[in-house]
Amino acid sequence: MKRIFSGVQPTGNLHLGNYLGAIRNWVKLQDEFDCLYCIVDLHAVTVWRKPEELTANTREVAAGLLAAGLDGKRNIIFNQSQVPGHSELAWIFNCVARLGWLNRMTQFKEKAGKNKENASVGLFAYPNLMAADILLYKATHVPVGEDQKQHLELARDIAQKFNNDFGVDFFPEVEPLIFGTATRVMSLRDGTKKMSKSDPSDYSRINMTDNADAIAKKIRKAKTDPQSLPANVEKFDARPEAANLMGLYAALSETSIEDVCNRFGGGEFSAFKKQLADLAVAKLVPIGERMRRLMEDPAEVDRVLAQGGRRARQLAEPTLKEIQDVVGFLRP
Ligand code: AQP
(Lines give C-alpha, C1' and ligand atoms only; values in the text may rest on other atoms or scores of the structure.)
Protein backbone atom coordinates (compact mmCIF):
# COMPACT_ATOMS: atom_id res chain seq x y z
CA MET A 1 0.00 0.00 0.00
CA LYS A 2 1.27 3.44 -0.89
CA ARG A 3 0.81 5.87 1.99
CA ILE A 4 1.55 9.57 2.09
CA PHE A 5 2.33 11.64 5.16
CA SER A 6 2.80 15.36 4.88
CA GLY A 7 2.61 18.27 7.27
CA VAL A 8 2.18 21.99 7.48
CA GLN A 9 2.92 24.20 10.47
CA PRO A 10 0.08 26.21 12.00
CA THR A 11 2.08 29.40 12.05
CA GLY A 12 -0.48 31.66 10.37
CA ASN A 13 -0.63 33.34 6.97
CA LEU A 14 -0.87 30.34 4.64
CA HIS A 15 0.56 31.68 1.40
CA LEU A 16 0.93 31.03 -2.30
CA GLY A 17 4.21 29.12 -1.67
CA ASN A 18 2.41 26.72 0.68
CA TYR A 19 -0.37 26.35 -1.87
CA LEU A 20 1.72 25.81 -5.00
CA GLY A 21 4.60 23.98 -3.32
CA ALA A 22 2.51 21.68 -1.16
CA ILE A 23 -1.26 21.90 -0.79
CA ARG A 24 -2.18 21.86 -4.48
CA ASN A 25 -0.06 18.73 -4.92
CA TRP A 26 -1.69 17.12 -1.90
CA VAL A 27 -5.08 17.60 -3.55
CA LYS A 28 -3.83 15.68 -6.60
CA LEU A 29 -2.34 12.90 -4.47
CA GLN A 30 -5.58 12.14 -2.66
CA ASP A 31 -6.84 10.23 -5.74
CA GLU A 32 -3.85 7.92 -5.85
CA PHE A 33 -2.68 7.37 -2.28
CA ASP A 34 -3.88 6.71 1.21
CA CYS A 35 -3.05 10.16 2.69
CA LEU A 36 -2.47 11.66 6.12
CA TYR A 37 -2.24 15.45 6.20
CA CYS A 38 -1.10 16.75 9.51
CA ILE A 39 -1.13 20.23 11.01
CA VAL A 40 2.10 19.97 12.92
CA ASP A 41 1.43 21.95 16.08
CA LEU A 42 4.17 20.12 18.01
CA HIS A 43 6.66 21.46 15.47
CA ALA A 44 5.17 24.94 15.75
CA VAL A 45 5.96 25.19 19.48
CA THR A 46 9.69 24.70 18.88
CA VAL A 47 9.48 28.50 18.78
CA TRP A 48 7.34 30.20 21.45
CA ARG A 49 3.80 30.98 20.25
CA LYS A 50 0.89 32.72 21.90
CA PRO A 51 -1.49 29.87 22.83
CA GLU A 52 -4.59 31.58 21.42
CA GLU A 53 -2.78 32.27 18.14
CA LEU A 54 -1.65 28.67 17.86
CA THR A 55 -5.26 27.51 18.28
CA ALA A 56 -6.57 30.01 15.74
CA ASN A 57 -3.81 29.20 13.25
CA THR A 58 -4.51 25.48 13.56
CA ARG A 59 -8.11 26.08 12.54
CA GLU A 60 -7.03 28.47 9.79
CA VAL A 61 -4.67 25.92 8.25
CA ALA A 62 -7.34 23.21 8.46
CA ALA A 63 -9.76 25.57 6.70
CA GLY A 64 -7.10 26.22 4.04
CA LEU A 65 -6.61 22.52 3.37
CA LEU A 66 -10.34 21.89 3.07
CA ALA A 67 -10.93 25.02 0.96
CA ALA A 68 -8.16 24.00 -1.44
CA GLY A 69 -10.00 20.74 -2.13
CA LEU A 70 -8.77 18.16 0.36
CA ASP A 71 -11.55 15.81 1.36
CA GLY A 72 -11.80 15.21 5.12
CA LYS A 73 -13.40 11.81 4.55
CA ARG A 74 -10.99 10.40 1.98
CA ASN A 75 -7.90 11.73 3.81
CA ILE A 76 -6.94 11.80 7.45
CA ILE A 77 -6.65 15.49 8.31
CA PHE A 78 -5.67 16.18 11.91
CA ASN A 79 -3.46 18.20 14.20
CA GLN A 80 -0.41 16.38 15.48
CA SER A 81 -0.87 16.90 19.24
CA GLN A 82 -4.04 14.77 19.14
CA VAL A 83 -1.87 11.69 18.61
CA PRO A 84 0.55 11.10 21.53
CA GLY A 85 2.44 8.53 19.44
CA HIS A 86 4.26 11.34 17.58
CA SER A 87 5.98 12.51 20.78
CA GLU A 88 6.57 8.99 22.06
CA LEU A 89 8.25 7.80 18.88
CA ALA A 90 10.20 11.06 18.63
CA TRP A 91 11.73 10.30 22.04
CA ILE A 92 12.87 6.88 20.83
CA PHE A 93 14.31 8.54 17.72
CA ASN A 94 16.09 11.11 19.92
CA CYS A 95 17.95 8.10 21.21
CA VAL A 96 18.59 6.61 17.75
CA ALA A 97 19.71 9.73 15.86
CA ARG A 98 23.27 10.96 16.42
CA LEU A 99 24.18 14.49 17.48
CA GLY A 100 26.49 14.73 14.49
CA TRP A 101 23.58 14.09 12.13
CA LEU A 102 21.51 16.90 13.63
CA ASN A 103 24.49 19.24 13.66
CA ARG A 104 24.52 19.03 9.88
CA MET A 105 20.92 20.21 9.43
CA THR A 106 21.01 23.50 7.60
CA GLN A 107 17.47 24.52 8.57
CA PHE A 108 18.39 24.58 12.27
CA LYS A 109 21.29 26.88 11.48
CA GLU A 110 19.01 29.17 9.46
CA LYS A 111 16.18 29.19 12.00
CA ALA A 112 18.36 29.47 15.11
CA GLY A 113 20.35 32.30 13.55
CA LYS A 114 23.32 33.71 15.38
CA ASN A 115 21.97 33.04 18.84
CA LYS A 116 22.09 29.25 18.62
CA GLU A 117 22.63 28.78 22.37
CA ASN A 118 19.25 30.35 22.98
CA ALA A 119 17.31 28.12 20.55
CA SER A 120 15.01 25.51 22.06
CA VAL A 121 16.14 21.90 22.29
CA GLY A 122 12.94 21.12 20.37
CA LEU A 123 14.09 23.21 17.41
CA PHE A 124 17.35 21.25 17.31
CA ALA A 125 15.57 17.88 17.56
CA TYR A 126 12.80 18.92 15.11
CA PRO A 127 14.00 16.50 12.38
CA ASN A 128 13.64 13.55 14.80
CA LEU A 129 10.01 14.51 15.38
CA MET A 130 9.53 14.79 11.63
CA ALA A 131 10.95 11.27 11.22
CA ALA A 132 8.50 10.07 13.89
CA ASP A 133 5.58 11.75 12.08
CA ILE A 134 6.33 9.83 8.93
CA LEU A 135 7.37 6.48 10.37
CA LEU A 136 4.60 6.23 12.96
CA TYR A 137 2.28 5.51 10.03
CA LYS A 138 4.89 3.62 8.01
CA ALA A 139 4.36 6.14 5.23
CA THR A 140 6.00 5.09 1.97
CA HIS A 141 6.05 8.48 0.26
CA VAL A 142 6.51 12.03 1.46
CA PRO A 143 5.92 15.04 -0.80
CA VAL A 144 8.75 17.41 -0.01
CA GLY A 145 9.82 20.86 -1.04
CA GLU A 146 13.51 21.59 -1.66
CA ASP A 147 13.96 22.79 1.92
CA GLN A 148 12.75 19.52 3.45
CA LYS A 149 14.93 17.16 1.41
CA GLN A 150 17.68 17.04 4.03
CA HIS A 151 15.19 16.22 6.80
CA LEU A 152 13.72 13.39 4.77
CA GLU A 153 17.20 11.95 4.21
CA LEU A 154 17.65 12.03 7.98
CA ALA A 155 14.32 10.20 8.47
CA ARG A 156 15.60 7.49 6.13
CA ASP A 157 18.87 7.26 8.10
CA ILE A 158 16.97 7.00 11.40
CA ALA A 159 14.70 4.25 10.02
CA GLN A 160 17.71 2.32 8.77
CA LYS A 161 19.66 2.70 12.00
CA PHE A 162 16.63 1.61 14.04
CA ASN A 163 16.25 -1.49 11.83
CA ASN A 164 19.99 -2.25 12.14
CA ASP A 165 20.26 -1.55 15.88
CA PHE A 166 17.38 -3.87 16.70
CA GLY A 167 17.97 -6.39 13.90
CA VAL A 168 14.51 -5.92 12.43
CA ASP A 169 13.00 -4.98 9.12
CA PHE A 170 10.37 -2.76 10.69
CA PHE A 171 10.38 0.61 8.98
CA PRO A 172 9.98 0.83 5.21
CA GLU A 173 12.23 2.97 3.05
CA VAL A 174 10.50 6.31 2.58
CA GLU A 175 10.58 7.82 -0.88
CA PRO A 176 10.44 11.56 -1.56
CA LEU A 177 7.85 12.83 -4.01
CA ILE A 178 9.24 15.92 -5.64
CA PHE A 179 7.03 18.01 -7.85
CA GLY A 180 8.53 19.79 -10.81
CA THR A 181 7.04 23.25 -10.43
CA ALA A 182 6.99 25.81 -7.62
CA THR A 183 9.22 23.82 -5.29
CA ARG A 184 10.48 27.15 -4.00
CA VAL A 185 8.30 30.21 -4.40
CA MET A 186 10.30 33.28 -3.47
CA SER A 187 9.43 36.47 -1.63
CA LEU A 188 7.85 39.23 -3.73
CA ARG A 189 10.21 41.71 -2.05
CA ASP A 190 13.43 39.74 -2.53
CA GLY A 191 13.77 37.01 -5.15
CA THR A 192 16.58 35.32 -3.24
CA LYS A 193 14.49 34.68 -0.09
CA LYS A 194 11.79 32.03 0.28
CA MET A 195 8.19 33.25 0.52
CA SER A 196 7.48 32.61 4.17
CA LYS A 197 4.66 32.89 6.71
CA SER A 198 6.96 34.53 9.22
CA ASP A 199 8.34 37.27 6.95
CA PRO A 200 7.43 40.53 8.73
CA SER A 201 6.42 42.16 5.44
CA ASP A 202 2.94 41.19 4.27
CA TYR A 203 3.95 42.47 0.81
CA SER A 204 6.49 39.63 0.59
CA ARG A 205 3.77 37.02 0.19
CA ILE A 206 0.32 36.43 -1.23
CA ASN A 207 -1.83 34.98 1.51
CA MET A 208 -4.45 32.39 0.65
CA THR A 209 -7.05 34.67 2.22
CA ASP A 210 -6.04 37.82 0.31
CA ASN A 211 -8.86 39.36 -1.73
CA ALA A 212 -8.55 40.33 -5.40
CA ASP A 213 -7.41 43.89 -4.65
CA ALA A 214 -4.70 42.78 -2.23
CA ILE A 215 -3.39 40.18 -4.69
CA ALA A 216 -3.28 42.67 -7.57
CA LYS A 217 -1.60 45.31 -5.40
CA LYS A 218 1.07 42.94 -4.08
CA ILE A 219 1.92 41.76 -7.60
CA ARG A 220 1.96 45.35 -8.89
CA LYS A 221 4.39 46.30 -6.12
CA ALA A 222 6.53 43.15 -6.44
CA LYS A 223 10.23 43.89 -6.88
CA THR A 224 11.55 43.69 -10.46
CA ASP A 225 14.65 44.82 -12.30
CA PRO A 226 14.96 47.52 -14.98
CA GLN A 227 15.29 45.16 -17.97
CA SER A 228 12.53 43.60 -20.07
CA LEU A 229 11.43 40.05 -19.26
CA PRO A 230 14.01 37.34 -20.04
CA ALA A 231 13.32 35.21 -23.11
CA ASN A 232 15.01 32.10 -21.75
CA VAL A 233 15.78 30.41 -18.46
CA GLU A 234 19.55 30.85 -18.81
CA LYS A 235 19.05 34.46 -17.68
CA PHE A 236 17.21 33.43 -14.51
CA ASP A 237 20.23 33.07 -12.21
CA ALA A 238 21.10 36.72 -12.54
CA ARG A 239 17.46 37.84 -12.36
CA PRO A 240 15.81 36.16 -9.36
CA GLU A 241 12.73 38.42 -9.25
CA ALA A 242 11.92 37.85 -12.93
CA ALA A 243 12.52 34.12 -12.47
CA ASN A 244 10.15 34.05 -9.50
CA LEU A 245 7.30 35.94 -11.18
CA MET A 246 7.59 33.94 -14.40
CA GLY A 247 7.81 30.74 -12.36
CA LEU A 248 4.62 31.75 -10.57
CA TYR A 249 2.86 32.28 -13.87
CA ALA A 250 4.00 28.84 -15.07
CA ALA A 251 2.89 27.15 -11.84
CA LEU A 252 -0.49 28.89 -11.70
CA SER A 253 -1.25 28.23 -15.37
CA GLU A 254 0.27 24.71 -15.17
CA THR A 255 2.43 25.34 -18.23
CA SER A 256 6.19 25.05 -18.63
CA ILE A 257 8.55 27.86 -17.77
CA GLU A 258 9.84 27.70 -21.37
CA ASP A 259 6.33 28.47 -22.64
CA VAL A 260 6.13 31.46 -20.32
CA CYS A 261 9.53 32.70 -21.58
CA ASN A 262 8.41 32.26 -25.19
CA ARG A 263 5.15 34.09 -24.57
CA PHE A 264 6.36 37.02 -22.43
CA GLY A 265 10.13 37.24 -23.07
CA GLY A 266 11.18 40.72 -24.25
CA GLY A 267 7.95 42.28 -22.89
CA GLU A 268 7.49 44.80 -20.10
CA PHE A 269 7.00 43.81 -16.47
CA SER A 270 3.96 46.08 -16.08
CA ALA A 271 1.89 44.28 -18.75
CA PHE A 272 3.04 40.87 -17.53
CA LYS A 273 2.20 41.71 -13.93
CA LYS A 274 -1.40 42.53 -14.95
CA GLN A 275 -1.78 39.10 -16.54
CA LEU A 276 -0.12 37.39 -13.58
CA ALA A 277 -2.44 39.21 -11.19
CA ASP A 278 -5.55 38.17 -13.18
CA LEU A 279 -4.38 34.57 -13.15
CA ALA A 280 -3.56 34.59 -9.43
CA VAL A 281 -6.93 36.18 -8.62
CA ALA A 282 -8.80 33.60 -10.72
CA LYS A 283 -7.03 30.70 -9.00
CA LEU A 284 -6.82 31.94 -5.42
CA VAL A 285 -9.88 34.07 -4.71
CA PRO A 286 -12.42 31.20 -4.82
CA ILE A 287 -10.21 29.22 -2.42
CA GLY A 288 -9.83 32.22 -0.12
CA GLU A 289 -13.61 32.74 -0.07
CA ARG A 290 -14.24 29.09 0.84
CA MET A 291 -11.56 29.37 3.48
CA ARG A 292 -13.15 32.43 5.07
CA ARG A 293 -16.57 30.71 5.13
CA LEU A 294 -15.02 27.71 6.90
CA MET A 295 -13.24 29.95 9.39
CA GLU A 296 -16.63 31.39 10.30
CA ASP A 297 -17.76 27.85 11.16
CA PRO A 298 -15.08 26.60 13.57
CA ALA A 299 -17.33 23.76 14.78
CA GLU A 300 -17.23 22.17 11.31
CA VAL A 301 -13.42 22.52 11.13
CA ASP A 302 -13.07 21.03 14.63
CA ARG A 303 -15.33 18.13 13.64
CA VAL A 304 -13.05 17.25 10.69
CA LEU A 305 -9.95 17.49 12.89
CA ALA A 306 -11.48 15.40 15.68
CA GLN A 307 -12.47 12.71 13.20
CA GLY A 308 -9.00 12.80 11.63
CA GLY A 309 -7.39 12.56 15.09
CA ARG A 310 -9.45 9.47 15.93
CA ARG A 311 -8.51 7.75 12.69
CA ALA A 312 -4.82 8.69 13.07
CA ARG A 313 -4.72 7.31 16.64
CA GLN A 314 -6.30 4.06 15.46
CA LEU A 315 -3.54 3.69 12.88
CA ALA A 316 -0.72 4.77 15.18
CA GLU A 317 -1.51 2.82 18.35
CA PRO A 318 -0.82 -0.74 17.11
CA THR A 319 2.39 0.40 15.37
CA LEU A 320 3.60 2.12 18.52
CA LYS A 321 2.95 -1.04 20.55
CA GLU A 322 5.00 -3.06 18.06
CA ILE A 323 7.82 -0.49 18.32
CA GLN A 324 7.72 -0.67 22.12
CA ASP A 325 8.02 -4.47 21.88
CA VAL A 326 11.00 -4.14 19.51
CA VAL A 327 12.73 -1.74 21.92
CA GLY A 328 11.92 -3.98 24.90
CA PHE A 329 9.60 -1.71 26.86
CA LEU A 330 7.51 -3.82 29.20
CA ARG A 331 3.77 -3.49 28.57
CA PRO A 332 2.34 -5.36 31.55
N1 AQP B 1 8.04 29.43 -0.47
C2 AQP B 1 7.66 28.17 -0.63
N3 AQP B 1 7.69 27.63 -1.87
C4 AQP B 1 7.30 26.33 -2.05
N5 AQP B 1 6.86 25.55 -1.06
C6 AQP B 1 6.81 26.06 0.17
N7 AQP B 1 6.44 25.56 1.36
C8 AQP B 1 6.58 26.49 2.33
N9 AQP B 1 7.06 27.63 1.79
C10 AQP B 1 7.22 27.40 0.46
C11 AQP B 1 5.97 24.19 1.55
O12 AQP B 1 4.75 24.22 2.28
C13 AQP B 1 4.69 23.08 3.13
C14 AQP B 1 4.34 23.49 4.51
O15 AQP B 1 5.38 24.31 5.01
P16 AQP B 1 5.43 24.71 6.52
O17 AQP B 1 4.48 25.79 6.75
O18 AQP B 1 5.25 23.55 7.39
O19 AQP B 1 6.90 25.15 6.79
P20 AQP B 1 7.89 26.13 6.17
O21 AQP B 1 8.53 25.52 4.98
O22 AQP B 1 8.76 26.54 7.30
O23 AQP B 1 6.98 27.35 5.67
P24 AQP B 1 7.22 28.87 5.95
O25 AQP B 1 6.20 29.63 5.22
O26 AQP B 1 8.64 29.25 5.71
O27 AQP B 1 6.86 28.97 7.48
P28 AQP B 1 7.62 29.68 8.64
O29 AQP B 1 7.81 31.10 8.20
O30 AQP B 1 6.64 29.54 9.77
O31 AQP B 1 8.90 28.92 8.86
C32 AQP B 1 6.02 22.35 3.03
O33 AQP B 1 5.88 21.24 2.16
C34 AQP B 1 6.93 23.39 2.44
O35 AQP B 1 7.97 22.82 1.66
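A residue is called buried when its relative accessible area is under 20%, exposed when that area is over 50%, and partly exposed in between, with a 1.4 Å probe and protein chains only. The model described here is predicted, so that local features need pLDDT of at least 70 and side-chain atom pairs count only at pLDDT 80 or more, whereas totals for chains, interfaces and linings use all residues. Residues are numbered from 1 along each chain as its sequence is written, and side-chain values use heavy atoms, with hydrogens and water left out.

The chain is assigned two domains, with domain 1 covering 3-182 + 297-327 and domain 2 covering 202-293; such bounds come from an automatic or database domain assignment. The centres of domain 1 and domain 2, taken over C-alpha atoms, are separated by 30 Å. Contact, meaning heavy atoms within 4.5 Å, is made between 17 residues of domain 1 and 13 residues of domain 2. Buried area, which is the accessible area (1.4 Å probe) that two parts lose on being put together, summed over both, amounts to about 1400 Å² between domain 1 and domain 2, with 68% of it on carbon and sulfur atoms. Leu16, Tyr19 and Ala67 supply 37% of the area that domain 1 buries against domain 2, more than any other three residues.

On the side of domain 1 that touches domain 2, helix H1 (16-29) and helix H3 (51-67) each supply at least two residues, and H1 gives the most, with 6 residues. Helices (H or I, at least four residues) and strands (E, at least two) are DSSP runs, numbered from the N terminus.

Side chains of opposite charge can pair when their charged atoms come close. A salt bridge is taken as a side-chain nitrogen of Lys or Arg within 4 Å of a carboxyl oxygen of Asp or Glu, and by this rule the whole structure has 20 salt bridges, while 2 are found across the interface of domain 1 and domain 2. Arginine 24 and glutamate 254 are joined by a salt bridge at 3.9 Å, N to O.

Aspartate 165 and lysine 161 form a salt bridge at 2.9 Å, N to O; because these residues are 4 residues apart in helix H8 (residues 149-166), about one helical turn separates them. Aspartate 165 is partly exposed, at 43% relative accessibility. In the salt bridge of lysine 223 with glutamate 241, the closest N and O atoms are 3.5 Å apart. This pair links distant parts of the chain, 18 residues apart, with lysine 223 in the loop between helix H9 (212-221) and helix H10 (240-253) and glutamate 241 in helix H10. Lysine 223 is partly exposed, with a relative accessible area of 41%, whereas glutamate 241 is buried, with a relative accessible area of 10%. A further salt bridge, at 3.0 Å from N to O, is formed by the side chains of aspartate 325 and arginine 331, where aspartate 325 is partly exposed at 44% relative accessibility and arginine 331 is partly exposed at 39%.
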